[in-house]
Structures are given as structure tokens and as C-alpha cells.
Amino acid sequence: MAPMKLYGAVMSWNVTRCATALEEAGSDYEIVPINFATAEHKSPEHLARNPFGQVPALQDGDLYLFESRAICKYAARKNKPELLRVGNLEESAMVDVWMEVEANQYTSVLNPILFQVLISPMLGGTTDQKVVDENLEKLKKVLEVYEARLTKCKYLAGDFLSLADLNHVSATLCLFATPYASVFDAYPHVKAWWSSLMERPSVQKVAAMMKPSA
């Protein structure tokens, strides 16, 4: 079968969230760049893949998917269902819980920081430091919960790696490209958890993918 196609740009942490899951699952895929400068994301061809004119979109044969976390789940279900703890009701429920936490608690407070520090200057704007500072305080509150959780188990859903952990990778890599990476220093168990994720070949490959070309 032809490799899956992941449409988007590696500067998007929503796209590289999918790439992390695809890499960890051992999926056969390729990234197809979408040119935002020419509004390719709003072209009829791309709107057929993602009706919202956003990235990512995934093509697997005749199947088209959009929304990054749905794509991640698909990659896991197809090639590595243990990332979702399929077959164990309690463990899969905890994976679900922490995937929701990643989306609604962790990344939701990271997004404004990353936009202000990384994206706004790229678009010719300036960083609104008030927005950054407010969301850093919110992030610290979230990390307090993570620290408490990770004193009890190695990974978020339990003593096993899951998609709940991997979904954090892309946005956290972006955080570490800002001056605020030291926010993790106050949370030793969170820092150890992140270090263990950074040791994984899948994460290392995505980290290299996200670095701008010289």
C-alpha cells in the first residue's frame, strides 16, 4: 500500500503532534507541505481534505481525516493499539482522561504563549508579554497537577507509555524553543517524564524535523 500522506507544515505543532504518533506507531507516511503564503490551505484541493481549511489532514488510501488528535488515535489504532491500551477498560479510560487533559488544560494554556513568542513575531507582530505572563501562571498550576500525578506513576495514564504522553510532545518541543523552558525546573517529576520522552527515537526524529533548516 502507498504511504499515508500527512498534509501540513512542520512549523505547526498540530501537524507534528500527528507525526509523533505516526512515528511511534511505526506507520508508513510522508509529509506533504502546504504553502500558507500562497493560501494553499484554502484551495479547493485542500478543502476537500479539511473543510475548515486548516492543517493537518491525513490521507490513507480513500480515507481522509482531519483534527490532529483524531489522526493520532487513528495511527495508534491502525499500527500500535497498545498506545491506547485497547482491551483494558481501566487503563484505556485513564489514557482518555489524560488525552483530554492535554487538549483542554495543558496545550490550551501553551497555545497563547507559543503564538505570542514564536508566531506573532514571524508574522511581523510583537509579543504581548501580559498574555505570556498570564498563561505562564496558568501553566504552572497545570504542572502542579502533573507533578502530583507523576509522583505516583512513570507516565500520565500509568506505568506505561501511551498516546496521552505522546500528544504533549510537539507543543512542549515548541515551549523549549522559547525563553520559558525553565518553567519545568520547579517540577522534578515532570522534568524526568519529559526527559524519558526525549529519549525515544520517535520523539528525537520529530524534534529534528521541527528545527529550522540552516
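Reply: The largest pocket in this predicted model comes out at a volume of about 500 Å³. Its lining is made up of 19 residues, and Ser 12, Asn 14, Phe 36, Gln 54 and Val 55 are the ones closest to the centre. Helix 4 is the top contributor, with three residues. Both domains take part, since at least three lining residues come from each of domain 1 (4-79) and domain 2 (85-210). Sorted by class, you get ten nonpolar, seven polar and two charged residues around the pocket.

Now for helix 8, residues 188-198. Its buried residues are Val 190, Trp 193, Trp 194, Ser 196 and Leu 197. Looking down the axis of helix 8, they sit within an arc of 160°, so they line one face of the helix. As a reminder, an α-helix has 3.6 residues a turn, so residues three or four places apart point the same way. The cover over the buried residues of helix 8 includes helix 5 (129-150), helix 6 (163-166), helix 7 (169-175) and helix 9 (201-210).

Leaving out residues up to four places away in sequence, Leu 143 touches Tyr 106, Val 183, Phe 184, Tyr 187 and Val 190. Val 190 is also one of the buried residues of helix 8.

Notes
Residues are numbered from 1 along each chain as its sequence is written. This is a predicted model: local features need pLDDT of at least 70, side-chain atom pairs count only at pLDDT 80 or more; totals for chains, interfaces and linings use all residues. Side-chain values use heavy atoms; hydrogens and water are left out. On a 1 Å grid over the protein atoms alone, a cavity is a set of points where a 1.4 Å probe fits but cannot get out, and a pocket is an open set with protein on both sides within 12 Å along at least five of seven lines; lining residues have an atom within 4 Å of a point. Grid points are joined across faces, edges and corners, and a volume is the space filled by probe spheres set on the points. Helices (H or I, at least four residues) and strands (E, at least two) are DSSP runs, numbered from the N terminus. Ala, Val, Leu, Ile, Met, Phe, Trp, Tyr, Cys and Pro count as nonpolar, Asp, Glu, Lys and Arg as charged, and the others, Gly among them, as polar. Domain bounds come from an automatic or database domain assignment. Buried means under 20% relative accessible area, exposed over 50%, partly exposed in between (1.4 Å probe, protein chains only). The arc is that of the directions from the helix axis to the C-beta atoms. Contact means heavy atoms within 4.5 Å.
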